[in-house]
Amino acid sequence: MKTIVVLTGAGISAESGISTFRDSGGLWEKYSIEEVATPQAWQRNQDLVLDFYNQRRKQLYEVEPNAAHYALAELQKKFEVKIITQNVDDLHERAGSSDVLHLHGELKKAQSSLDPSLVYDIDGWELKKGDKCERDSQLRPHVVWFGEPVPMIEPAAEISSQADIYLVVGTSLNVYPAAGLIHYTKPGIPMYLIDPLADAVAGIQNLTVLREQAGKALPGLAKKLMANES
Ligand code: OAD
């Protein structure tokens with residue numbers, strides 16, 4: 001089986017009703033990164049940070065995967081599909097994708113603020129002040145904040161180098177190191193970029209740009225890729 005690697009961002013979950021970050025009306029227009037998504041924010045105001053992620057988690061329980069998530073799960077019938085997502089939601093898993101690497105963490109998990117290797121499932125939507133790890137320190141969201149290392153970047157680069165076909169879906173490619181992953185691919189493989197606002201990406205050959213919403217474009221692309229395999 002050929003391997004398809006898919007790098008996804010907030011845009012793939014937009015049609016499920018989850019806001020992206022940098023579109024007009026996106027989350028970073030309503031909140032400041034410095035106030036909710038940095039280690040300094042956590043030191044300054046834990047209540048505000050907990051509340052920001054609690055609201056995101058609460059919303060996650062109210063939404064469903066969309067046609068784009070399901071199309072990627074469908075591709076598993078003919079391909080080895082490895083998803084690298086910048087998203088902290090679990091919509092890929094809920095749609096049935098079985099190989100998902102979360103580069104920026106997972107909303108439904110918490111980690112110790114003392115030892116990031118202590119990770120726990122959160123029961124329900126709310127992480128509270130006073131919820132503690134086994135070493136008695138406050139639990140924080142299991143999310144990579146700006147200014148923190150991205151521990152999964154090396155496995156993600158290795159996965160990217162295994163791709164026979166590479167799809168990039170719903171990401172502004174603004175945030176590094178995630179945006180650099182496309183440069184780890186083998187030269188000359190077919191690459192697809194699906195994003196209504198996509199630009200050509202410098203230095204990438206064999207790139208097909210589909211300027212459409214993921215839920216519209218991905219089911220058709222998945223069908224085409226599967227038809228080519230039979
Ligand atoms: P962005 O908000 O930066 O980009 C979302 C992209 O999705 C944009 O290019 C949109 O054009 C596109 N888009 C919108 N609707 C779409 C649709 N229906 N189908 C396909 N594409 C659509 O989000 P990311 O690139 O994911 O990190 O942002 C990367 C990281 O920055 C996030 O993981 C998060 C954020 O700050 C952390 O919080 C650490």
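This report walks through the ligand site, the salt bridges and one stretch of β-sheet in a predicted model.

A quick word on ground rules: residues are numbered from 1 along each chain as its sequence is written, and side-chain values use heavy atoms, with hydrogens and water left out. Since the model is predicted, local features need pLDDT of at least 70 and side-chain atom pairs count only at pLDDT 80 or more, while totals for chains, interfaces and linings use all residues.

**The ligand site**

Let's start with the ligand. There are 23 residues around the ligand, and Phe21, Arg22, Thr171, Ser172 and Asp195 come nearest; a residue is near a molecule if one of its heavy atoms lies within 4 Å of it. Split by class, that shell has 10 nonpolar, 9 polar and 4 charged residues. Here Ala, Val, Leu, Ile, Met, Phe, Trp, Tyr, Cys and Pro count as nonpolar, Asp, Glu, Lys and Arg as charged, and the others, Gly among them, as polar.

Glycine 170 takes part through its backbone, with an N or O atom 3.3 Å from an oxygen of the ligand. On its own the ligand has 790 Å² of accessible area, and the protein covers 94% of that (Shrake-Rupley method, 1.4 Å probe).

**Salt bridges**

The structure holds 10 salt bridges, each being a side-chain nitrogen of Lys or Arg within 4 Å of a carboxyl oxygen of Asp or Glu. Here are some of them, with N to O distances:

| Pair | Distance |
|---|---|
| Lysine 129 and aspartate 47 | 3.7 Å |
| Aspartate 99 and lysine 82 | 3.8 Å |
| Lysine 109 and glutamate 106 | 3.3 Å |

What does the pair of lysine 129 and aspartate 47 tie together? Lysine 129 sits in the loop between β5 (119-121) and β6 (139-143) while aspartate 47 belongs to helix α4 (residues 46-60), so the bridge joins parts that are 82 residues apart in sequence. Helices (H or I, at least four residues) and strands (E, at least two) are DSSP runs, numbered from the N terminus. Lysine 129 is partly exposed at 49% relative accessibility, and aspartate 47 is partly exposed too, at 47%. For these labels, buried means under 20% relative accessible area, exposed over 50%, and partly exposed in between (1.4 Å probe, protein chains only).

Is lysine 82 buried or exposed? Lysine 82 counts as buried at 15%, whereas aspartate 99 is partly exposed at 30%.

As for the remaining pair in the table, lysine 109 is partly exposed at 25%, and so is glutamate 106 at 22%. Elsewhere, Asp90, Arg94 and Lys108 are linked in a network of salt bridges.

**Strand β8 and its neighbours**

Strand β8 (residues 191-194) is covered on both faces: Met191 and Leu193 are buried on one side, Tyr192 and Ile194 on the other. β8 pairs in the parallel sense with strand β7 (residues 165-169) over 4 bridges, pairing being at least two DSSP bridges between two strands. In that pairing, tyrosine 166 stands opposite methionine 191. Strand β9 (residues 207-210) also runs parallel to β8, joined by 4 bridges, and threonine 208 in β9 is the bridge partner of tyrosine 192.

Notes
Polar contact = N/O pair within 3.5 Å; in protein donor to acceptor, adjacent residues only side chain to side chain.
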